[in-house]
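Dear colleague,

Please find the structure below, together with its sequence. My notes on it follow directly after.

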Amino acid sequence: MKETLFSRSIIFSLVVTAVIFGVISWLLPHDSFWITDGGNKFILIRNLAQTGSTNIVYPAADIDPEGTFFPDGGFHFQRVNGGFQSFYPPYFPWLCAQLFKFGGAAAVFALSLISGLVCIWLSLGIAKTMRLAVPVPLLTATTAFATPLLFYSLVLWEHTFSIVFAAAALLLILKVRFFSVSTKAIYWYIAAGLLLAVSSFFREESYILFGAVGLALLLMRTPLRSLAALGVSWALAMLPLWWYQYHVYGHVLGSHALGYQALSQKIHVSGVWEQIFLKITNLYVFLFKFQAGAPPPDLTGALLIIPLVLLALVSLLLPEKKFKFMMTAMLLPLCAGCVLILTVMLFRNDDPIINTLFTQGLLTAVPLLTVLLAGARQLWKEQPVFRFILLTWAIFTLTVCVFLNQGELGLIWGPRHFLVLMPLLMPLAVYALIRLKDAGRGSLGQVVFIAAVGMFALATAIQIHGVVTLYRKKQASSQVVEAIKKNPDPVIVTDIFWLGEDCGAIFFEKKILQIDSDHELQRLILKLREKGVETFTLVLSSQPLYRSLTNDAVSWLLTKVDPVSQQQIVSPRAGFMGVIITRCHIKAEGK
């Protein structure tokens with residue numbers, strides 16, 4: 001790649017990508033979110049824009065001044081100094097709030113989209129810095145449409161924004177460490193440290209990235225003075241954040257870390273060996289697990305990942321000899337066939353949104369990385385910069401698998417915890433594909449190359465499925481939001497833990513009260529009567545599995561209210577989003 005970062009081919013590729021991203025974003029419903037994380041952040045954004053405070057204004061405070069029925073989503077809003085605050089860090093929402101003041105929700109969503117495009121541009125810059133002979137359109141398309149960067153550019157989340165700073169830092173490090181003899185190298189390391197710190201402000205994965213980069217540089221015998229510049233600049237930039245979070249939340253990593261700490265405690269282990277075993281199983285869950293056809297136990301899905309596990313072991317453990325090439329030549333087409341079956345199963349799944357719980361493995365959800373893995377040993381010998389990238393990937397991956405816990409699994413699209421590495425890995429993955437083409441002499445070599453191309457195509461198909469799933473979820477949420485928005489009752493009562501955040505677009509226009517038990521329902525009805533509320537709307541899940549209220553509680557409620565009207569919302573292929581919306585008139589006391 002000889003082009004500059006502002007060459008015609010790069011600009012043209014980015015413009016085409018931007019148009020496609022923009023059209024997809026425009027087609028998605030605009031008043032809903034992927035999951036509650038986005039709704040929670042949007043509530044905080046609106047609150048910051050209107051009040052300048054992280055203390056959430058409670059619309060139902062006139063009914064419930066104690067905040068007993070605040071729709072906290074379980075633990076997503078927490079009591080802090082007498083008020084309610086989001087457990088997500090406020091830094092990205094604060095930035096979005098400034099955009100919201102001028103451009104509304106469209107400007108907020110545009111930040112993720114523009115950040116995603118900048119990530120792609122920086123990935124092209126990394127390829128240019130390494131002087132890789134890869135076609136610009138191919139690398140652009142791969143980074144944009146064959147990785148989860150596409151998905152996370154379309155949602156309200158800080159992922160792509162954080163990655164911009166991480167990718168810029170990696171670009172500086174590659175340039176100064178491997179392709180520059182500048183006497184002012186220390187300033188490049190200082191700048192890289194500051195950029196990694198900014199990235200760490202927004203996403204915890206960048207803490208691990210900083211450690212992985214530092215250790216990889218140390219193993220590459222980088223001068224200690226340069227390492228010190230990188231580390232000290234990062235730490236100095238992080239100190240104010242740590243001080244603030246410790247004094248406000250009681251933990252240097254903030255309330256977000258405390259929430260995940262509570263989640264991790266839900267998984268009970270009885271000893272050291274069980275803890276070690278659990279961490280080993282993390283390698284399966286976060287690198288290979290892809291139960292595309294059905295929720296676990298899915299024996300077919302488990303069997304289909306075996307070739308990918310074998311390919312990883314062969315690539316990493318066997319020396320570069322003819323036997324290894326024969327093994328890779330057999331395994332790579334087999335892997336492509338298995339990923340093809342998994343992709344078909346993924347598209348045929350009847351409950352794709354819930355199924356995202358079981359399809360978060362890195363090498364299976366982004367199968368083109370298996371092509372990079374297959375050529376890793378050869379790349380290791382080729383250039384020092386390749387060794388640095390592979391070391392960073394290995395250290396980051398192992399560390400993430402150690403620190404993640406399976407209690408954190410939620411409705412997540414793909415391996416989002418590894419997303420920060422995509423701008424760094426994609427140039428090398430495309431380069432590995434090109435090398436396979438050049439080495440693909442003979443029928444066996446051609447089969448290997450075709451299999452590798454198939455992996456890239458399947459990776460794109462998987463991401464297309466992700467966008468389709470995003471549309472289905474946002475469409476299902478939008479139906480619920482529109483129904484509640486049009487409902488004349490200001491008071492909304494629900495036992496659905498996600499409803500308050502999922503209705504983030506109308507959170508301040510309605511008085512949403514969340515009940516978590518039969519007893520709370522009885523207390524709330526008494527409170528509503530005391531406050532002179534005559535009518536309210538009850539929103540329950542259409543599936544008893546997702547209800548907190550028992551049938552007895554619903555029967556009791558019918559003795560206290562008269563149903564006025566009822567509406568059921570059905571969401572095909574998003575079954576858990578089905579709700580029953582009932583307008584209720586509270587009977588006079590004694591009736």
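Is Lys527 buried or exposed? Lys527 counts as buried, because its relative accessibility is 16% (buried means under 20% relative accessible area, exposed over 50%, and partly exposed in between, with a 1.4 Å probe and protein chains only).

Before the remaining findings, a note on the basis of the values. This is a predicted model, in which local features need pLDDT of at least 70 and side-chain atom pairs count only at pLDDT 80 or more, while totals for chains, interfaces and linings use all residues. Residues are numbered from 1 along each chain as its sequence is written, and side-chain values use heavy atoms, with hydrogens and water left out.

Salt bridges

The structure holds 11 salt bridges, each defined as a side-chain nitrogen of Lys or Arg within 4 Å of a carboxyl oxygen of Asp or Glu. One of them joins the side chains of Glu66 and Lys527, at 3.4 Å from N to O. This pair links distant parts of the chain, 461 residues apart: Glu66 lies in the loop between helix 2 (36-51) and strand 1 (77-80), and Lys527 in helix 23 (residues 518-530). Helices (H or I, at least four residues) and strands (E, at least two) are DSSP runs, numbered from the N terminus. Glu66 counts as partly exposed, because its relative accessibility is 44%.

Arg203 takes part in a salt bridge with Glu158, with 2.7 Å between the closest N and O atoms. Here too distant parts of the chain are linked, 45 residues apart: Arg203 is in the loop between helix 7 (185-202) and helix 8 (205-219), and Glu158 in the loop between helix 5 (149-152) and helix 6 (159-178). Both Arg203 and Glu158 are buried. Arg203 also meets Glu205 in a salt bridge of 2.8 Å, N to O, and both of these residues are buried. Through shared partners, salt bridges join Lys41, Glu158, Arg203 and Glu205 into one network.

Nonpolar core

The largest nonpolar core has 204 residues, and those with the most contacts inside it are Leu369, Phe388, Trp393, Leu528 and Phe536. Such a core is a set of buried Ala, Val, Leu, Ile, Met, Phe, Trp, Tyr and Cys residues joined through side-chain atoms within 4.5 Å. Helix 3 (residues 91-129) gives the most to this core, with 16 residues. Leaving aside residues up to four places away in sequence, Leu369 touches Leu362, Leu363, Trp393, Met422, Leu425 and Met426 (contact means heavy atoms within 4.5 Å).

An open sheet of mixed pairing is formed by five strands in the order 4-3-5-7-6; two strands pair if DSSP finds at least two bridges between them. Strand 4 (511-514) and strand 6 (561-569) stand at the edges with a single partner strand each, so one side of each is left without a neighbour in the sheet. Strand 3 (residues 491-494) pairs with strand 4 in the parallel sense over four bridges. Ile492 has Ile512 in strand 4 as its bridge partner.

Cysteines

With a disulfide defined as a pair of cysteine sulfur atoms within 2.5 Å, the count comes to zero disulfides. For Cys96, the nearest cysteine sulfur is that of Cys119, 15 Å away. Cys96 is buried, with a relative accessible area of 0%. For Cys335, the nearest cysteine sulfur is that of Cys338, 6.6 Å away, and Cys335 counts as buried at 0% relative accessibility.

With kind regards
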